[in-house]
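This report describes the side-chain interactions and backbone features of one protein model.

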Amino acid sequence: QIQVVESGGGLVQAGGSLRLSCAASGLPFSNHAMGWFRQAPGKERELTAAISRSGDRTYYADSVKGRFTISRDNAKNTVYLQMNSLKPEDTAAYYCAAAPRLDSDLWGYWGQGTQVTVSS
């Protein structure tokens, strides 16, 4: 059974930091690109950051470039999202997902999400 579990969300003041974790089980983790998506109330879910299967390539949405860093530990089947200099507009539910490769649109195996709230 494939399971993806996000953790690390919470309430933080603007300018603060959070580190999200996503632990995956039941799938060949190192054979999948991993991505972090976010969805704010009333908005569509958007790809925020993604990392290739080996971790040698990354993608960031323009809105988070220079502030967020995605990384992965294939030995632990875990992907991370370090979020620095948080802004109120980063408030959203953050989800982890897997895809066959970094440039794929076939994202799946969604987790339940973790809420990030940034107060001004």
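A search of the whole structure, which is a predicted model, finds 2 aromatic pairs. Rings of Phe, Tyr and Trp (its six-membered ring) pair if their centres lie within 6.5 Å, with planes under 30 degrees apart counted as stacked, over 60 as edge-to-face and the rest as tilted. The pairs are listed below.

| Ring pair | Centre to centre | Angle between planes | Class |
|---|---|---|---|
| Phe-37 and Trp-107 | 5.4 Å | 75° | edge-to-face |
| Phe-37 and Trp-110 | 4.7 Å | 70° | edge-to-face |

The pair of Phe-37 and Trp-107 links distant parts of the chain, 70 residues apart: Phe-37 belongs to strand E4 (residues 33-39), and Trp-107 to the loop between strand E9 (92-99) and strand E10 (114-119). Helices (H or I, at least four residues) and strands (E, at least two) are DSSP runs, numbered from the N terminus. Trp-110 is likewise placed in the loop between E9 and E10, so its pairing with Phe-37 in strand E4 ties together parts that are 73 residues apart in sequence. Through these ring pairs, Phe-37, Trp-107 and Trp-110 are linked into a cluster.

Accessibility is classed by relative accessible area: buried means under 20%, exposed over 50%, and partly exposed in between (1.4 Å probe, protein chains only). Phe-37 is buried, at 8% relative accessibility, and Trp-107 is buried at 15%. Trp-110, with a relative accessible area of 30%, is partly exposed.

The numbering runs from 1 along each chain as its sequence is written. Local features need pLDDT of at least 70 and side-chain atom pairs count only at pLDDT 80 or more, while totals for chains, interfaces and linings use all residues; side-chain values use heavy atoms, with hydrogens and water left out.

**Charged groups**

Arg-45 has its charged end over the ring of Trp-110, 3.7 Å from the ring centre. Arg-45 also lies over the face of Tyr-95, at 5.9 Å from that ring centre. A charge sits over a ring if NZ of Lys or CZ of Arg is within 6 Å of the ring centre and within 35 degrees of the ring normal.

The structure holds 5 salt bridges, each defined as a side-chain nitrogen of Lys or Arg within 4 Å of a carboxyl oxygen of Asp or Glu. One of them joins the side chains of Asp-90 and Arg-38, at 2.9 Å from N to O. Asp-90 is buried, with a relative accessible area of 1%, and Arg-38 is buried with 7%.

Asp-90 also forms a salt bridge with Arg-67, where the closest N and O atoms are 2.7 Å apart. Arg-67 lies in the loop between strand E6 (58-60) and strand E7 (68-73) and Asp-90 in the loop between E8 and E9, so the pair ties together parts that are 23 residues apart in sequence. Both Arg-67 and Asp-90 are buried. Salt bridges link Arg-38, Glu-46, Arg-67 and Asp-90 in a network.

A further salt bridge brings together the side chains of Lys-65 and Asp-62 (3.1 Å, N to O). Asp-62 is exposed, with a relative accessible area of 65%.

Glu-6, in strand E1 (residues 3-7), is buried yet has no salt bridge, and the nearest side chain of opposite charge, Arg-45, is 8.2 Å away. In this assignment Lys and Arg count as positive and Asp and Glu as negative, whereas His and the chain ends are not counted. A polar atom of the Glu-6 side chain lies 2.7 Å from the backbone nitrogen of Cys-96. The backbone nitrogen of Gln-112 lies 3.1 Å from a polar atom of the Glu-6 side chain. Beyond its neighbours within four places in sequence, Glu-6 is in contact (heavy atoms within 4.5 Å) with residues including Cys-22, Trp-36, Tyr-95 and Gly-111.

**Backbone angles**

Most residues other than glycine have a negative phi. Asn-77, which is not a glycine, has a positive phi of about 55°. Asn-77 is located in the loop between E7 and E8 and is partly exposed, at 24% relative accessibility. Tyr-109 has a positive phi near 55°. Tyr-109 is found in the loop between E9 and E10 and is partly exposed, with a relative accessible area of 41%.

Conventions: Polar contact = N/O pair within 3.5 Å; in protein donor to acceptor, adjacent residues only side chain to side chain.
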